[in-house]
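User: Please take a close look at a single part of this entry, the surroundings of its ligands, and describe in one connected account what lines them.

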Amino acid sequence: MNKDTNQKVALVTGITGQDGSYLAELLLEKGYQVHGIKRRSSLFNTQRIDHIYQDQHGANVDFKLHYGDLTDSTNIIRIIQEIQPDEIYNLGAMSHVKVSFDSPEYVANVDGLGTLRILEAVRILGLQKKTKIYQASTSELYGGLAENKNEKGFYDENSPFYPRSPYGAAKIYGFWITKNYREAYNMFACNGILFNHESPRRGETFVTRKITMATAAIAKGKQDCLYLGNLNSQRDWGHAKDYVEAMWRILQQDIPEDYVIATGITTYIRDFVIMAFAEVGIELKFEGENESEVARVAACNNPLYQLEKGKVVVRVDPEYYRPTEVDLLIGDPAKSKTKLGWKPKYDLDSLVKEMVASDLKLF
Ligand code: NDP
Ligand code: GDR
């Protein structure tokens, strides 16, 4: 790879994931040389980044993938030594909250210790003055406890943490070890505490994508019913494209700090379902729904049926419930707005529209 000496070099772990793919696009647009770590798999796993792949034999290749895994320190050290990055974005993780209850030790190793491996590699290689590190922290750290919200009713950078899953517990180690390396070794290491963000590239088992795919399939007559878990929880949803912009901005500051990235608006899962089906002209109603908000929420886990045809299109399957749930997430973007100048371009309506339209094309 030829390198112009002024060109910035970034390393992205988790580059094959939703955020990794949008971030790689953004960094390439900004003129970076982008390196990504991908895992070996028995089938191709680069669908989200195939469109930015560059022939490795050409001159001035700006995009390169390396085989690796966050559980393998030797591999992490070797890649960082080879490419000497200016910025590392640690997005790699087993990111599914429900699955983390099934693989708690693995998630601790990847999401928790994996973060330590990145920080240690930079320290061991003596790159702490050169390399800035972004750690993908999460709103799951808060656990959704009502008493921990600030006076405005949001979670912010000072709200206490109370993780409710092995995923949250592993990520809280990642959060604190990042902060500790910043303080102990003067490293430019920052946490982005990102609230849920979605897109047409969202993994198919996360709730929004599961809903938009099923909406499209049901509208096209390819599926009868969508089975979901808890429809009562509330999430602060943004668009992944906006959120990767915030990651980049966090590393362009003079002083390393942690930031909440959120929209400040929260929505029930069931309302997301209603919005998605409305996109294909299907109006939904809950069994037992009436005017009162209390009754509305209580009826949340009842089946949803199609108003016109009376057909049940969404049912609750307790199989999807989590042993402990995060009931409500709503983030305070005040600091990121003021200090990073960050403001989301997408709202939930445009996000739902884009996701449903994209999934309609699949069928
Ligand atoms: P995805 O699940 O879409 O992507 C995760 C990425 O991590 C994939 O590239 C995956 O590779 C990779 N990965 C998984 N295990 C390992 C491992 N052992 N070693 C190396 N890489 C691994 O997640 P998102 O893009 O949505 O999220 C990015 C990061 O941000 C994650 O750390 C997530 O926990 C965090 N986050 C996400 C939020 C969201 O709403 N999306 C909100 C807050 C935080 P493969 O493709 O091979 O599976
Ligand atoms: P979350 O996202 O757990 O918030 O973690 P997810 O979309 O999985 O769940 C959101 C809420 O929807 C409820 N739910 C269902 N969830 C899934 N996956 N499948 C279902 O069928 C279903 N039915 C209801 C869940 O119980 C939950 O309340 C995401 C991930 O991207 C994390 O990596 C990230 O850290 C957080 O967002 C912020």
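Analyst: Around ligand 1, the helix α1 (18–29) and the strand β5 (132–138) each contribute at least two residues to the shell, where helices (H or I, at least four residues) and strands (E, at least two) are DSSP runs numbered from the N terminus. This is a predicted model, in which local features need pLDDT of at least 70 and side-chain atom pairs count only at pLDDT 80 or more, while totals for chains, interfaces and linings use all residues. Residues are numbered from 1 along each chain as its sequence is written, and chains are lettered from A and ligands numbered from 1 in the order in which they are written.

The largest share of the ligand 1 shell comes from α1, with 3 residues. In total, 26 residues surround ligand 1, a residue being near if its C-beta atom, placed from the backbone, lies within 6 Å. The closest of them are Gly14, Gly17, Gly92, Ala93 and Ala136. By class, this shell holds 8 nonpolar, 15 polar and 3 charged residues, with Ala, Val, Leu, Ile, Met, Phe, Trp, Tyr, Cys and Pro counted as nonpolar, Asp, Glu, Lys and Arg as charged, and the others, Gly among them, as polar.

Turning to ligand 2, its shell receives at least two residues from each of the helices α3 (97–100) and α6 (207–219). There are 21 residues around ligand 2, and those that come nearest are Ser95, Thr138, Val207, Gly229 and Ser233. The shell around ligand 2 divides into 7 nonpolar, 8 polar and 6 charged residues.

How values were computed. Contact = placed C-beta atoms within 7 Å.
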